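Thanks for coming. I will take a few minutes on one structure, starting with the chain and ending with the ligand.

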Amino acid sequence: MSELPKLSQEDLNGLIKFFNEIQSSKQNFGETFYTNLIRSDRDLEKMFSNTHRSNVGYIFLQSVIAVISTIQKGGDWQAMLFQVGVRHKQYDIKDSHYDVVARTLIQTLNGYKHLFPASPSLTMNKLEIILGGLMTEFVKGYKSELEEVLILK
Ligand code: HEM
């Protein structure tokens, strides 16, 4: 799995703008993401049964936006994704699923190319590498020895 490439403030701003525009666009990103996801791997249909199908993509995208904003502020984005990975221990995620989720995100984002920022340094190809880098940190948490800590309120 890949490392996160160096990202300029311009790249980071472009990404956040792109994701925010997707969220506020009339096209239903969440629904399309879910449809593409379960089409890629039928196992995933059972796994996502707790969340309404149109929310799955939004929850994921929201989380990616939060990580990108953390990178932009110079915060500990690795720890953030590590925690997300630890929280996923409750699901039966297989190695092959990391790629399925990352590829489905790219596939779904391709439908929003018209919103993609016009920047010479940011391309769909680079976005794919960035997602691979985020997934690498997620997997470290998912595969760690740490137990999920449940905070009961
Ligand atoms: C960068 C990687 C990922 C991020 C940022 C991410 C983010 C999230 C977030 C924010 C949630 C809501 C619950 C929570 O906060 O823990 C969630 C739920 C979930 N994620 Fe992920 N995820 C990632 C990778 C994956 C992968 C590779 C799978 C494998 C299929 C997966 C499967 C799930 C499932 C099954 C749920 C629960 C859905 C439900 O309750 O119906 N995630 N994810």
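What follows is a short walk through the fold and then the surroundings of the ligand.

Please keep in mind that this is a predicted model.

First, the chain. It has 7 helices and 0 strands. Reading along the sequence, you get the pattern α-α-α-α-α-α-α. The radius of gyration is 15 Å, close to the 15 Å that the globule rule gives for 153 residues, so the chain is as compact as a globular protein of that length.

How much of the chain is buried? Buried residues are 22% of the 153. As for contacts, take those with a separation of 6 or more: 81% of them are between residues 24 or more positions apart.

Now the ligand. Which residues come nearest to it? There are 21 residues around the ligand, and the nearest are Asn50, Thr51, Ser63, Arg87 and Phe138. Several helices take part: those giving two or more residues to the shell are H3 (43-47), H4 (53-72), H5 (77-87), H6 (95-109) and H7 (124-142). Helix H4 gives the most, with 4 residues.

What is the shell made of, by class? It has 14 nonpolar residues, 6 polar ones and 1 charged one.

To recap, this is a predicted model of a chain with 7 helices and 0 strands, in which H4 gives the most residues to the shell around the ligand. That is all from me.

Definitions and conventions:
Residues are numbered from 1 along each chain as its sequence is written. This is a predicted model: local features need pLDDT of at least 70, side-chain atom pairs count only at pLDDT 80 or more; totals for chains, interfaces and linings use all residues. A residue is near a molecule or strand if its C-beta atom, placed from the backbone, lies within 6 Å of it. Ala, Val, Leu, Ile, Met, Phe, Trp, Tyr, Cys and Pro count as nonpolar, Asp, Glu, Lys and Arg as charged, and the others, Gly among them, as polar. The radius of gyration is taken over C-alpha atoms; the globule rule is 2.2 Å times the number of residues to the power 0.38. A residue is buried if 20 or more other C-beta atoms lie within 10 Å of its own, exposed if 12 or fewer, and partly exposed in between; C-beta atoms are placed from the backbone. Two residues are in contact if their C-beta atoms, placed from the backbone, lie within 7 Å.
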